Amino acid sequence: MRLTFLGTRAYIDIAKRGHQRHSAAMLEHRGARVMIDCGEDWRGRVCDLKPDAIILTHAHPDHAFGLKDGAPCPVYATQVTWDYIDDFPIAERRTVTERRPVEFRGIVFEAFGVEHSTRCPAVGYRITTGGEVLFYVPDVAYIHERAAALDDVALYVGDGATLERPLIRKADDHLVGHAPVRQQLTWCATEGVPSAIFTHCGKDVVGHDGRKVAGTLRALANARGVSARFAHDGMEVDLD
């Protein structure tokens, strides 16, 4: 299984080399290509990527609006996401239900509910190919059923919107926003996840010196016994 980070930038007004496009990834396994999320700056470029399927975590513009003109393949999303993008001309729609795995050409996706937005509820995906398991959650304030989501996970791909300061508020008994990288590393340590990569990079990462930020991440990760790094556009990771 190969994971390529197509884009790693959050919905922010700055960009730099390595963080140009909205967070999206391509998962490849035995010839199958599944794109995870498709933000608005991928609009008009989706066909060039030649995905066999697309799966969405939620309906925010930087994760779904690249599909405003439709999709060249089946698209998988939760019903609440479909309700939000109902007017997009997507011909092949597949509905994902939390904790009910779906399989596409040997890749199994299991959605777990996460706290992030009340307007566009999000999920993270536990992704399995054979014996390899990763968890992909680019926007998250809190993971429901976290122990089950991260059980036996080799790689956690998480939310890099903020490094140490929480960007979270409460709304109608829900958490809205982004858990800091520091908190997500603690989740990994608690659940025994050995390695983490952070995408959806915010101003804490994109707007500061890369070497200094990477050093801070290493220190936070080492203190918790986890290996961690930031993703960058075009980065490839082999999990086989």
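Reply: What follows begins with the pocket and then turns to the annotated domain, the aromatic rings and a few loop residues.

This is a predicted model, in which local features need a pLDDT of at least 70 and side-chain atom pairs count only at pLDDT 80 or more, whereas totals for chains, interfaces and linings use all residues. Residues are numbered from 1 along each chain as its sequence is written, and side-chain values use heavy atoms, with hydrogens and water left out.

The largest pocket holds about 340 Å³ of space. A pocket here is an open set of points on a 1 Å grid over the protein atoms alone, where a 1.4 Å probe fits and where protein lies on both sides within 12 Å along at least five of seven lines; the volume is the space filled by probe spheres set on the points, which are joined across faces, edges and corners. Its lining, meaning residues with an atom within 4 Å of a point, consists of 22 residues, and those that lie nearest the centre are His 116, Asp 139, Gly 177, His 178 and His 200. By class, six of the lining residues are nonpolar, 10 are polar and six are charged, where Asp, Glu, Lys and Arg count as charged, Ala, Val, Leu, Ile, Met, Phe, Trp, Tyr, Cys and Pro as nonpolar, and the others, Gly among them, as polar.

At least two lining residues each come from α2 (61–64), β13 (167–171) and β14 (174–178), and β14 gives the largest share, with three residues. Helices (H or I, at least four residues) and strands (E, at least two) are DSSP runs numbered from the N terminus.

The UniProt record, an unreviewed entry, places the feature "domain: Metallo-beta-lactamase" at residues 21–178, and such annotations may be inferred rather than shown by experiment. That span is 12% helix and 41% strand, and its end C-alpha atoms lie 19 Å apart.

Across the whole structure there are six aromatic pairs, that is, rings of Phe, Tyr and Trp (its six-membered ring) with centres within 6.5 Å, counted as stacked when the planes are under 30 degrees apart, edge-to-face when over 60 and tilted otherwise. The ring centres of Phe 112 and Phe 135 are 6.1 Å apart and their planes stand at 70°, so this pair is edge-to-face. Because Phe 112 lies in strand β8 (residues 107–115) and Phe 135 in strand β10 (residues 132–136), the pair ties together parts that are 23 residues apart in sequence. Both Phe 112 and Phe 135 are buried, a word used for under 20% relative accessible area, with exposed meaning over 50% and partly exposed lying in between (1.4 Å probe, protein chains only). Together with Tyr 156 and Phe 198, Phe 112 and Phe 135 form one aromatic cluster.

The loop between β6 (93–96) and β7 (102–104) holds Arg 99, and Arg 100 is found in that loop as well. Arg 100 counts as exposed at 56% relative accessibility, whereas Arg 99 is partly exposed at 35%. Most residues other than glycine have a negative phi, yet Arg 99 has a positive phi of about 65°. Lys 50 also has a positive phi, of about 55°; its place is the loop between α1 (46–49) and β4 (53–55), and Lys 50 is exposed, with a relative accessible area of 62%.
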